Structure formats: C-alpha cells, structure tokens
Amino acid sequence: MIRFLFMIGFTAFAVQAWAADGPSFDCAKASSLLEKTICARPALAAADRELNTAYSAALHKLPPSGQKILRDSQRDWLKAVQIMCLNRVYPQAGTEGYNFECLIQKYSEQAEYFYQKAIIA
C-alpha cells in the first residue's frame, strides 16, 4: 500500500514538473512540425508558455468582439511565423525544419506585444 501511494505521489509530482517546464500544450498530442519542435527544445517551450501567458492577459482585457479579433490575429501570426522561420527562409541553423533563433525572437516579440496590450487595454 505504501508503495502504491508513493507511486501516485511521484506521478503527481512528475506531472506538475512537466506542466511547469513544458509548453502551453500537451506534447503527447503534438502533431504539427512546429509543436514537435517546441516540445524538443526547452527554451522554445518556455517561450511558448510565456507567449500563452501574455496572450491570455491581453485576451481577458477585451470584450467578446475584441477577443474574436485577437484570436483571429493570433492564428494569422502563427501561420506567418511558421513561414518566416522555416529553414528554407533562414538556412543557417535550425531544429526539425525551423530556425531556433527565429522562433525564439518571434515568440518573444509577440509576448511583449501582448503584455503591452494588456497594460494599455
């Protein structure tokens, strides 16, 4: 019984640790090349978490109509980043087909943008 309780406690700890270190989504369900790239690089996972935090802060400051606009804008931004950060555009270095430095830069810039919107809004 003690062994069973230990395993439950350890599993709960491991899940909490993963949630703090992983991206804003479940890597076990990652299907796109970008999601897999983010899951493979701890710095990208951290940038993704930070972007998600900033996005959520900005989103909650808006009325429903503004939230829809922000969601649509974020989807468009994500599509653009996937195109801009492919190694065929930035051929020097990369991970899984994406340029690591490009992704970090774009995610950081977008997080800063959302933090500014959250403060102003």
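This is a short tour of a predicted model, one selection at a time.

**Before selecting anything**

Residues are numbered from 1 along each chain as its sequence is written. Because the model is predicted, local features need pLDDT of at least 70 and side-chain atom pairs count only at pLDDT 80 or more, while totals for chains, interfaces and linings use all residues; side-chain values use heavy atoms, with hydrogens and water left out.

**The whole chain**

Show the chain as a cartoon. There are five helices and zero strands, where a helix is a DSSP run of H or I with at least four residues and a strand a run of E with at least two, numbered from the N terminus. Read from the N terminus, the order of elements is α-α-α-α-α. The chain has 121 residues, of which 30% count as buried (buried is under 20% relative accessible area, exposed over 50%, partly exposed in between, with a 1.4 Å probe and protein chains only). Contact means heavy atoms within 4.5 Å. Of the contacts between residues at least 6 apart in sequence, 52% join residues at least 24 apart.

**Helix α2**

Select residues 33-40, which form helix α2; its buried residues are Leu34, Thr37 and Ile38. Looking down the axis of α2, these buried residues fall within an arc of 100 degrees, so they line one face of the helix (the arc is that of the directions from the helix axis to the C-beta atoms).

**α2 against α3**

α2 and α3 pack at about 110 degrees, with axes 5 Å apart; axes are lines fitted to C-alpha atoms, for helices over the stretch in contact, and angles run from 0 to 180 degrees between N-to-C directions. The two helices, α2 and α3, are therefore roughly perpendicular (angles under 35 degrees count as roughly parallel, over 145 as roughly antiparallel, 65 to 115 as roughly perpendicular and the rest as oblique). On the α2 side, select Thr37, Ile38 and Ala40; they meet Pro42, Leu44, Ala45 and Asp48 in α3. The residues of this contact divide into five nonpolar, one polar and one charged. Here Ala, Val, Leu, Ile, Met, Phe, Trp, Tyr, Cys and Pro count as nonpolar, Asp, Glu, Lys and Arg as charged, and the others, Gly among them, as polar.

**α3 against α4**

In α3, pick Leu51, Tyr55, Ala58, Leu59 and His60, which meet Gln67, Leu70, Arg71, Gln74 and Trp77 in α4. The residues of the contact between α3 and α4 comprise six nonpolar, three polar and one charged.

Select residues 100-120, helix α5, and then phenylalanine 114 within α5. Is phenylalanine 114 buried or exposed? At 1% relative accessibility, phenylalanine 114 is buried. Beyond its neighbours within four places in sequence, phenylalanine 114 is in contact with Leu51, Ala54, Tyr55, Ala58, Leu70 and Gln74. Its C-alpha atom is 8.6 Å from that of leucine 59, which is 55 residues apart along the chain.

Next, pick lysine 106, also in α5. Lysine 106 has a relative accessible area of 16% and is buried. Leaving aside neighbours within four places in sequence, lysine 106 is in contact with Trp77, Val81, Met84 and Cys85.

End at glutamate 101 in α5. Glutamate 101 is partly exposed, at 46% relative accessibility. Glutamate 101 and cysteine 85 are 16 residues apart in sequence, and their C-alpha atoms are 8.6 Å apart.
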